[in-house]
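Biologist: I would like to learn how to read a protein model, feature by feature. Where shall we begin?

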Amino acid sequence: MIHTRFESIGAYLPTTVVTTRDLVAQMSYQPPFDLQSITGIGERRVHDKRPETFEDSFVLALRAAEDCLSRSRYAAADLDVIISTSITRFKDGDDFHFEPSFAHQLARALGARQAIHFDVSNACAGMMTGVAILDRMIKSGSVRNGIVISGERITAIAETAVKEISEAYDPQFGSLTVGDSGAAVIVDESTSEADRIHYVELMTCSEYSHLCIGKPSDRNQGIALYTDNHQMHKEERSRLWTRFQSDFLAKRGSDFAAEDYDYIIHHQVGSKFIRNFNGHGEVAFGTPMPESLSVVEKYGNTSTTSHFLVLHDHLRGTGARAGAKYLFVPAASGVVTGCVSATISSLEV
């Protein structure tokens with residue numbers, strides 16, 4: 001049976017740092033609460049806006065992919081598949097691209113001209129969806145390897161929110177939590193249990209697809225994101241995850257405690273969101289959660305790239321150890337949930 005692994009990982013973060021307090025200070029309407037205290041987000045990275053060095057979604061994705069390839073055994077020409085999963089597809093400044101696909105343009109820029117290439121869009125679960133597709137393609141024997149890439153120049157929605165928010169319950173407040181970034185990961189065949197993706201399982205609950213709608217602003221100030229999360233409580237979201245994972249593990253003859261995860265990485269929405277998910281997980285699974293890794297405090301919600309930014313940051317630190325087992329918990333509008341498990345030994349950053 002063919003198994004897969006994470007062969008290499010890359011990330012790119014703009015150098016400009018904007019604090020939450022600085023962002024709120026730009027608003028004409030001053031909220032009667034401390035946004036940093038509520039979200040746990042102290043700062044985020046914002047793309048370079050200078051014309052001569054402008055960082056759009058494509059640039060962020062390309063730099064992350066180049067970083068990933070710099071420590072891979074593969075050259076770009078060796079890749080069989082290029083999957084782009086960006087929500088934002090800004091290129092050449094503010095141009096939003098659908099065709100040609102981002103994956104096609106990234107393949108050409110990287111020199112992977114023989115690779116199959118396509119885009120995938122699944123909200124903040126985009127990179128996990130790309131990994132799931134690539135995992136199945138490798139297991140089927142149709143390809144040997146591939147790279148999943150995302151670049152998110154998403155702070156455009158924060159710029160709109162700053163201009164338009166006018167009351168405490170404005171649905172654009174969530175837009176003030178986002179940050180710009182790029183991430184990439186190469187997946188290939190695993191030959192050792194010390195480096196292996198154990199499973200990648202996702203579920204979309206389409207009945208909740210109305211809960212998050214991105215659209216041009218009605219007030220014509222720019223690109224906006226309107227959330228309606230009051231219709232679905234955080235506990236309900238966490239129940240979807242715990243129920244899905246419990247059922248999935250039961251079919252494998254296992255349970256959460258038996259999986260013996262070393263680390264858990266949630267989608268980086270906010271520190272309270274992560275604590276709530278872990279708290280509900282302990283109750284639902286009847287066992288303590290593994291150590292929870294997070295970078296939301298310094299990078300904000302980076303949408304599709306969030307799990308791999310956390311992993312990249314962790315591997316770069318002094319606490320990472322070879323052979324650790326990670327649980328990634330996707331969460332996205334739609335609503336998407338799932339569980340992704342991998343043992344990682346040889347990834348370096």
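This is a predicted model: local features need pLDDT of at least 70, side-chain atom pairs count only at pLDDT 80 or more; totals for chains, interfaces and linings use all residues.

Biologist: Where does Asp-95 lie?

Modeller: Asp-95 is part of strand S6. Now compare sequence and space. Asp-95 and Asp-56 are 39 residues apart in sequence. Their C-alpha atoms are 9.2 Å apart in space.

Biologist: Now the rings. How do I read an aromatic pair?

Modeller: A pair of aromatic rings is described by the distance of the centres and the angle of the planes.

Biologist: How many aromatic pairs does the structure hold?

Modeller: There are 15 aromatic pairs. One of them joins Phe-58 and Phe-102.

Biologist: Which parts does the pair of Phe-58 and Phe-102 tie together?

Modeller: Phe-58 lies in helix H3 (residues 57–70) and Phe-102 in helix H4 (residues 102–110). The pair therefore ties together parts that are 44 residues apart in sequence.

Biologist: Is Phe-58 buried or exposed?

Modeller: Phe-58 is buried, with a relative accessible area of 8%. Phe-102 is buried too, at 0%. The cut-off for buried is under 20%.

Biologist: What about the rings of Phe-96 and Phe-98?

Modeller: Their centres are 5.3 Å apart and their planes stand at 50 degrees, so this pair is tilted. Phe-96 is partly exposed, with a relative accessible area of 37%. Phe-98 is exposed, at 55%.

Biologist: Which residues do ring pairs link into a cluster?

Modeller: The cluster contains Trp-241, Phe-256, Tyr-261, Phe-273, Phe-277 and Phe-285.

Biologist: Which residue lies over the face of Phe-58?

Modeller: Lys-91 does, at 4.9 Å from the ring centre. There is also a case with an arginine. Arg-153 lies over the face of Phe-90, at 4.3 Å from the ring centre.

Biologist: Next, helices. How do I describe two that pack together?

Modeller: Two packed helices are described by the angle between their axes and the distance between the axes.

Biologist: What are the angle and the distance for H3 and H4?

Modeller: H3 and H4 pack at about 50 degrees, and their axes are 11 Å apart. That angle makes H3 oblique to H4. The crossing of H3 past H4 is right-handed.

Biologist: Now the backbone. Where is there a cis peptide bond?

Modeller: The cis peptide bond joins Glu-99 and Pro-100. Omega there is about -5 degrees. Pro-100 is found in the loop between strand S6 (95–96) and H4.

Biologist: What is phi of Ala-123?

Modeller: Phi of Ala-123 is near 50 degrees. That value is positive, and the residue is not a glycine. Ala-123 lies in the loop between S7 and helix H5 (126–140). Ala-123 is partly exposed, with a relative accessible area of 23%.

Biologist: And what is phi of Ser-303?

Modeller: Phi of Ser-303 is about 55 degrees, again positive in a residue that is not a glycine. Ser-303 is in the loop between helix H10 (296–299) and helix H11 (306–316). Ser-303 is buried, with a relative accessible area of 1%.

Biologist: Last, the record. Which residues does UniProt list for the domain "Beta-ketoacyl-[acyl-carrier-protein] synthase III N-terminal"?

Modeller: The unreviewed UniProt entry lists residues 118–202. In the model, that span is 28% helix and 32% strand. The end C-alpha atoms of the span are 20 Å apart.

Biologist: And which residues does the annotation "Beta-ketoacyl-[acyl-carrier-protein] synthase III C-terminal" cover?

Modeller: According to the unreviewed UniProt entry, that domain covers residues 255–341. Residues 255–341 are 39% helix and 22% strand, with end C-alpha atoms 13 Å apart.

Technical notes. Residues are numbered from 1 along each chain as its sequence is written. Side-chain values use heavy atoms; hydrogens and water are left out. UniProt positions are given in the numbering used here, feature names are shortened, and annotations may be inferred rather than shown by experiment. Helices (H or I, at least four residues) and strands (E, at least two) are DSSP runs, numbered from the N terminus. Rings of Phe, Tyr and Trp (its six-membered ring) pair if their centres lie within 6.5 Å; planes under 30 degrees apart count as stacked, over 60 as edge-to-face and the rest as tilted. Buried means under 20% relative accessible area, exposed over 50%, partly exposed in between (1.4 Å probe, protein chains only). A charge sits over a ring if NZ of Lys or CZ of Arg is within 6 Å of the ring centre and within 35 degrees of the ring normal. Axes are lines fitted to C-alpha atoms, for helices over the stretch in contact, and angles run from 0 to 180 degrees between N-to-C directions. Angles under 35 degrees count as roughly parallel, over 145 as roughly antiparallel, 65 to 115 as roughly perpendicular and the rest as oblique. A crossing is left-handed if the near helix is turned anticlockwise from the far one by less than a right angle, and right-handed if clockwise.
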